[in-house]
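Trainee: I would like to go through the side-chain contacts one at a time. Can we start with the terms?

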Amino acid sequence: MAWGIPSNLEFTPMKVLKYEGGYLVIGVDGELQKISTEGNLIGNPTKPFPTPISHAIIIDNMLIATWLDQELMLARMSALDLSEEFKQGVNRGDLRVRQTIDKSIHPAGNKWSHVLDSEPLSMSSNDNSFTFVLWRKGIYNLGSDALENWRSAEAHWPSLKKIPRAMETVATTCDDTFFEIWSKGGGMIRYDINNGNIITEKIFDIDGYLQQVYKYMDNYLLLVNNSTILLLKDDNVTMTAILSGPIKHAEWSENDSGWHIAGWRELAFLSMEKQSRTAIQEIAVFIDAESGIYLCNDGKWDICDISEEE
């Protein structure tokens, strides 16, 4: 997608999602900002709900997200139509006096919305459905209309049971065939995306704790211990690399056959043929693998040729 460098943002960004109309930036406090395919900001930053967004995906031109307030112990899952303007929601103080389910406040302008009675741990999607994990509840697969397709019990790895926090869900990945859930101790369970049947159970031998997983087809990028990157293909580790810290975004490039990474004060590229790292002053939260345009946590955009090594 060819686009120009957007204007600076008025808020601290956390995540960027691509959709058919351009890009959607999500702020650390729940702000939403659309950006056109040409790189122009569309409208003003808007907060449909006065809490941070913990997870978000886009399916059928709908933003499906979970809003979480741990202090007030409340969570919502809602869908917003990206073809419509976002609507400003209530103030956070209004949530304190409306805590019964029948009087619950939901994100403004939603197409559907549900109160969650457990913390959402992860969420991922393909073109047909999205799947999410609720703490101590299980796994749920829904369509963009919120109709349930299947559900499954909590993921469990008996051999990890005695290792502290090793069975905690840290990531999920999804494509048109499989849904995968990953645990902190390196456990992975692969499900049939159509019916939730378990296909494969595996524990990867990692030196430490798993924190993030990115997937494109049969290519995987795993973040371990804040700075160690493992590249997997066909469930086998093909490369190990050390970066300067945690990463905020990783995107596979078909043209380059490798991963472009927005990291801790650096941009990186990792493939079997080439590895490069470019130092930057701020913390990158997103990089577009096609154009090289990236966004930092200070709300400023820039462009970099990350194919050039330091």
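Mentor: A residue counts as buried under 20% relative accessible area, as exposed over 50%, and as partly exposed in between. Keep in mind that this is a predicted model.

Trainee: Is Glu-251 buried or exposed?
Mentor: The relative accessibility of Glu-251 is 13%. The cut-off for burial is 20%. Because 13% falls under that limit, Glu-251 counts as buried.

Trainee: Which residue forms a salt bridge with Glu-251?
Mentor: The closest N and O atoms of this pair are 2.8 Å apart, and the limit for a salt bridge is 4 Å. Glu-251 lies in strand S21 (residues 249-253) and its partner in strand S1 (residues 13-19), so the bridge ties together parts that are 233 residues apart in sequence. The partner, partly exposed at 40% relative accessibility, is Lys-18.

Trainee: How many salt bridges does the structure hold?
Mentor: The pair of Lys-18 and Glu-251 is a salt bridge, as is that of Asp-235 and Arg-190. For the structure, the number of salt bridges is 15.

Trainee: How many residues apart are Asp-235 and Arg-190?
Mentor: Their side chains meet in a salt bridge at 3.1 Å, N to O. Asp-235 is buried at 18% relative accessible area, and Arg-190 is buried at 10%. Asp-235 sits in the loop between strand S19 (228-233) and strand S20 (236-242), while Arg-190 is in strand S15 (residues 187-192), a separation in residues of 45.

Trainee: Over the face of which residue does Arg-190 lie?
Mentor: A charge sits over a ring if CZ of Arg is within 6 Å of the ring centre and within 35 degrees of the ring normal. Arg-190 lies at 5.6 Å from the ring centre of Phe-178. The residue under Arg-190 is therefore Phe-178.

Trainee: Over the ring of which residue does the charged end of Lys-202 sit?
Mentor: The charged end of Lys-202 is 5.3 Å from the ring centre. For NZ of Lys the limit is 6 Å. The ring is that of Phe-204.

Trainee: Is the ring pair of Phe-130 and Phe-132 stacked or tilted?
Mentor: A pair of aromatic rings is described by the distance of the centres and the angle of the planes. Here the centres are 6.0 Å apart and the planes stand at 20°. Planes under 30 degrees apart meet the criterion, so this pair is stacked.

Trainee: Is the pair of Phe-179 and Tyr-191 stacked or tilted?
Mentor: Phe-179 is buried at 0% relative accessibility, and Tyr-191 is buried at 1%. Their ring centres are 5.8 Å apart. Because the planes are at 45°, the pair is tilted.

Trainee: Which residues do ring pairs link with Phe-130 into a cluster?
Mentor: Phe-130 is buried, with a relative accessible area of 0%, and its ring pairs with that of Phe-132. Phe-132 is buried too, at 6%. The residues in the cluster with Phe-130 are Trp-112, Phe-132 and Tyr-140.

Trainee: Which residue in S10 is the bridge partner of Met-123?
Mentor: S9 and strand S10 (residues 130-134) pair in the antiparallel sense over five bridges. In S10, the partner of Met-123 is Phe-132.

Trainee: Which strands stand at the edges of this sheet?
Mentor: Four strands form an open antiparallel sheet in the order S9-S10-S11-S12, with a twist that averages 15° from one strand to the next. An edge strand has a single partner, so one side of it is left without a neighbour in the sheet. The edge strands are S9 and S12.

Trainee: How many disulfides does a search of the whole structure find?
Mentor: A disulfide needs two cysteine sulfur atoms within 2.5 Å. For Cys-304, the nearest cysteine sulfur, that of Cys-296, is 10 Å away. Over the whole structure, the number of disulfides is zero.

Conventions: Residues are numbered from 1 along each chain as its sequence is written. This is a predicted model: local features need pLDDT of at least 70, side-chain atom pairs count only at pLDDT 80 or more; totals for chains, interfaces and linings use all residues. Side-chain values use heavy atoms; hydrogens and water are left out. Helices (H or I, at least four residues) and strands (E, at least two) are DSSP runs, numbered from the N terminus. Buried means under 20% relative accessible area, exposed over 50%, partly exposed in between (1.4 Å probe, protein chains only). Rings of Phe, Tyr and Trp (its six-membered ring) pair if their centres lie within 6.5 Å; planes under 30 degrees apart count as stacked, over 60 as edge-to-face and the rest as tilted. Two strands pair if DSSP finds at least two bridges between them. Axes are lines fitted to C-alpha atoms, for helices over the stretch in contact, and angles run from 0 to 180 degrees between N-to-C directions.
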